[in-house]
Amino acid sequence: MGDSTRALCCIVPCYNEEASLPALFDALAEVSPALGSGFGLTVGCVLVDDGSRDRTLELMRAQNAVDPNCHYVSFTRNFGKEAGLLAGMAEALRLFPGEDDLFVIMDADLQDPPSLLVDMVRALDEGGDDVDVAATYRKSRAGEPPIRSAFSHLFYRLMNSISDVSMRDGARDFRVMRRRVVQTVVDLPERVRFSKGLLMWGGFRTEWIGYENIERAAGESKWNFWGLMRYAIDGIVAFSVAPLELISVGGLVVFLLSLVFLLFIFVRALLFGDPVAGWPSLVCLITLLSGLQLLGLGVVGLYLSKIYAETKRRPLYVIREER
């Protein structure tokens, strides 16, 4: 049984979620009594309007008018989910200052089921000081396009093999956290953020809870294949220098092969007087090496672009309205 003064703050980034928000508010209202009676938690919200073009902000204002524990932040334009998460966590820490307060990141589309909050809070409370985070992962990707599912599995395997951050396959942002976890992530100074990695980077002790994949309650996903690909690249660049090391190894291998090939041509010409091979082989080699050079420049350029973004020190978002 928890302290009756504790709060559970739901941090919800939203972009064009007019169709989903009413169902989210209803779902939170349904689970609130169980969280109150079982754990002494008062449920509150920090909703982040990431430059929506529909009635998302209007619905947030209406909910704030009837529920003083439901707050919102509205951006001047669409700054992206990472900016929304950072703003939501920063505002949640300010609005819910209790040391024993809990914080949960969740999506507005109900793919992160609020009904699971009871099990997540129980896992956190029962774990005591031995558990800092109760996080969720999808046991399966039923209903998801096969190619998207395959690339997702590949991404997690790749990240776990080339970075020092361990990420569970199917991990969601949906997790209940203690204040120290949220404070650590908010205090990180980097501008190019990959929250899935940042939440694991701190090494906080995590209890994992699995659940089956759930379809969106309403609306359409804001993520397309290329958007997810760019997000994955951001994650790799943020937590690993393996691509740069691979380019260095590739350059060394090509250099050694060129020495072997040069020695072969020299010996053949010296012993047999064979002329140098014709232009087709030369064109192929030039094309191959040019492609490798462009690939290397592209990878280096990715890292430079992230450094450039960090040095500009622009704010990650601009707030138009908050309450």
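Among contacts in the protein (heavy atoms within 4.5 Å) between residues at least 6 apart in sequence, 84% link residues at least 24 apart. This is a predicted model, in which local features need pLDDT of at least 70 and side-chain atom pairs count only at pLDDT 80 or more, while totals for chains, interfaces and linings use all residues. Residues are numbered from 1 along each chain as its sequence is written, and side-chain values use heavy atoms, with hydrogens and water left out.

Let us take the overall form next. The protein has ten helices and eight strands; these are DSSP runs numbered from the N terminus, with helices being H or I of at least four residues and strands being E of at least two. Along the principal axes, the C-alpha atoms fill a box of roughly 90 × 40 × 40 Å. The radius of gyration is 25 Å, whereas a compact globule of 323 residues would have one near 20 Å. That radius is taken over C-alpha atoms, and the globule rule is 2.2 Å times the number of residues to the power 0.38.

The accessible surface comes to about 17,100 Å², and carbon and sulfur atoms hold 62% of it; the areas come from the Shrake-Rupley method with a 1.4 Å probe, and for residues only the protein chains shown count as cover. Buried residues make up 43% of the 323 residues, where buried means under 20% relative accessible area, exposed over 50%, and partly exposed in between (1.4 Å probe, protein chains only). As for charge, there are 33 positive and 40 negative side chains, and the centres of the two sets lie 5 Å apart. Lys and Arg count as positive and Asp and Glu as negative, with His and the chain ends not counted; each charge is placed at NZ of Lys, CZ of Arg, CG of Asp or CD of Glu.

Inside, look for the nonpolar cores, which are sets of buried Ala, Val, Leu, Ile, Met, Phe, Trp, Tyr and Cys residues joined through side-chain atoms within 4.5 Å. The largest has 40 residues, and Cys9, Met89, Phe103, Phe155, Met167, Met177 and Val182 touch the most other members. Helix α3 (residues 81-95) gives the most to this core, with seven residues. Apart from this core lies another, of 39 residues, including Leu47, Tyr72, Leu102 and Val121.

Lys196 sits in helix α7 (residues 195-201) and counts as buried because its relative accessibility is 15%. Setting aside neighbours within four places in sequence, Lys196 contacts Tyr156, Met167, Ala171, Arg172, Asp173 and Tyr231. Val237 belongs to helix α8 (residues 225-239) and is buried too, with a relative accessible area of 12%. Outside four places in sequence, Val237 is in contact with Leu302, Tyr303 and Lys306.

Finally, turn to the backbone. Most residues other than glycine have a negative phi. Leu110, which is not a glycine, has a positive phi of about 70°; Leu110 lies in the loop between β4 (102-105) and α4 (117-127). Arg313, also not a glycine, has a positive phi of about 60° and is found in the loop between α10 (279-312) and β8 (319-322). Leu110 counts as buried at 17% relative accessibility, whereas Arg313 counts as partly exposed at 49%.
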